[in-house]
Amino acid sequence: MIISTIQNIGSIPMMKENGIDAVIVSFENVSLRSQHMQPVSMLGQWKEQCAAHGMKLYINMLKLFMEEEMPLLDQFMETLRRIEPDGIYYADEGVYEAAEKYGLCGKLVYQPETLVTSTPDVRFYFDLGVQSVSLAHELSLDEILCIAKSEPAIEVLIHGYFSIMYSRRPLVTNYLHHIGKEKEKNAFSIVEQTRKEPMPIIEDETGTHVFSAVPINSYAQIRRLYEAGIRRFRIDNLFLDDEEAAALAKTYKGILDQKIDGSSIKEENSSARWYSQQTVKRKENV
């Protein structure tokens with residue numbers, strides 16, 4: 001199954017035609033890391049359009065909810081119980097508790113960005129009854145394949161920018177205030193002393209997000225991931241558009257169908273280097 005984030009409801013037919021099986025939609029006040037938030041009032045329309053085109057609907061519910069936002073969380077969960085989406089991406093353990101209350105645990109996909117790095121991590125969340133678990137994006141190919149040996153129901157980000165750092169503080173605004181340039185707030189990037197590539201930054205009402213310098217790609221790796229039993233492949237079109245996401249999905253589907261040789265694809269705007277970099281000296285004992 002190829003899953004992709006989506007920005008416009010009118011893109012559903014195009015995405016379906018290009019091999020995307022499910023879309024992830026971001027909604028106001030409950031989602032993170034999206035430049036295109038939908039009003040909650042449109043949730044029913046998204047469900048209808050996805051059903052009409054034979055696509056699954058997933059909800060970006062990655063926000064970290066504070067105590068004062070619990071009524072909002074309950075209200076949204078009640079709406080989801082009624083609408084019945086196919087899946088809910090979450091990172092906050094409080095969302096799990098709310099989902100348990102409304103009988104929605106089986107729809108949850110745990111996506112904490114960097115925390116799931118081993119088979120015991122994955123197994124812990126599957127034992128809670130979630131639908132799937134998204135692996136940390138920095139894992140090497142060998143590490144992913146090792147986890148897939150016993151837990152193939154995992155999900156892997158195959159293409160897109162991924163989160164390097166998230167803070168609930170408005171770091172860009174604070175910095176601009178410090179240097180007296182509040183009016184210059186536009187698009188920003190940051191270069192660390194130990195890195196050469198600029199990493200894009202987004203600041204919104206939820207805080208500050210720093211992303212990988214380039215998107216990850218998996219052209220040469222997706223067949224091995226598939227052969228290991230993994231069936232959930234995600235595309236994130238942050239900083240891209242729906243047309244580009246659809247084109248990527250078409251390419252990956254061609255590789256999965258063995259109509260395209262993924263190892264022959266050379267792309268300057270993305271990288272597969274993370275697959276060959278071991279994240280730590282030792283992570284697995286099983």
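Contact in these legends means heavy atoms within 4.5 Å. The model is predicted, with local features requiring pLDDT of at least 70, side-chain atom pairs counted only at pLDDT 80 or more, and totals for chains, interfaces and linings using all residues. Residues are numbered from 1 along each chain as its sequence is written, and side-chain values use heavy atoms, with hydrogens and water left out.

**View A. Surroundings of Met-77 and the nonpolar cores.** Leaving aside neighbours within four places in sequence, Met-77 is in contact with Met-61, Val-95, Ala-98, Ala-99, Tyr-102 and Leu-104. A nonpolar core is a set of buried Ala, Val, Leu, Ile, Met, Phe, Trp, Tyr and Cys residues joined through side-chain atoms within 4.5 Å; buried means under 20% relative accessible area, exposed over 50%, and partly exposed in between (1.4 Å probe, protein chains only). The largest such core has 69 residues, and those with the most contacts inside it are Val-23, Met-61, Met-77, Leu-80, Leu-135 and Leu-225. Its largest share, 6 residues, comes from α9. Helices (H or I, at least four residues) and strands (E, at least two) are DSSP runs, numbered from the N terminus. Another core, of 9 residues, lies apart from the largest one and includes Ile-3, Ala-22, Ile-24 and Leu-62.

View B. Rings of Phe, Tyr and Trp (its six-membered ring) pair if their centres lie within 6.5 Å; planes under 30 degrees apart count as stacked, over 60 as edge-to-face and the rest as tilted. The structure holds 9 aromatic pairs. One of them, Phe-27 with Phe-76, is tilted, at 6.4 Å centre to centre and 50° between the planes. Phe-27 lies in the loop between β2 (22-26) and α2 (43-52) and Phe-76 in helix α3 (residues 70-83), so this pair ties together parts that are 49 residues apart in sequence. Both Phe-27 and Phe-76 are buried. Because the ring centres of Tyr-161 and Phe-239 are 5.0 Å apart and their planes stand at 85°, that pair is edge-to-face. Tyr-161 belongs to the loop between β7 (155-159) and β8 (163-167), and Phe-239 to the loop between β12 (232-235) and α9 (242-256), 78 residues apart. Tyr-161 is buried, with a relative accessible area of 17%, whereas Phe-239 is partly exposed at 29%.

**View C. Arginines over aromatic rings.** A charge sits over a ring if NZ of Lys or CZ of Arg is within 6 Å of the ring centre and within 35 degrees of the ring normal. Arg-231 lies over the face of Tyr-226, at 3.7 Å from the ring centre. Arg-273 is placed over the face of Trp-274, at 4.4 Å from the ring centre.

**View D. The buried side of helix α5.** In α5 (residues 119-127), Thr-119, Val-122, Tyr-125 and Phe-126 are buried. These residues cover an arc of only 135° around the axis (taken from the directions from the helix axis to the C-beta atoms), which puts them on the same side of α5. Their cover includes β4 (87-90), α4 (93-101), β5 (108-110), β6 (132-133) and α6 (141-148). Tyr-125 also forms one aromatic cluster with Tyr-90, Tyr-110 and Phe-124. Just after α5, Gly-129 takes a positive phi of about 100°.

**View E. Ser-163 in strand β8.** Ser-163 is located in β8 and is buried, with a relative accessible area of 4%. Apart from neighbours within four places in sequence, Ser-163 is in contact with Arg-33, Glu-113, Thr-114, Glu-138, Val-210 and Phe-211.
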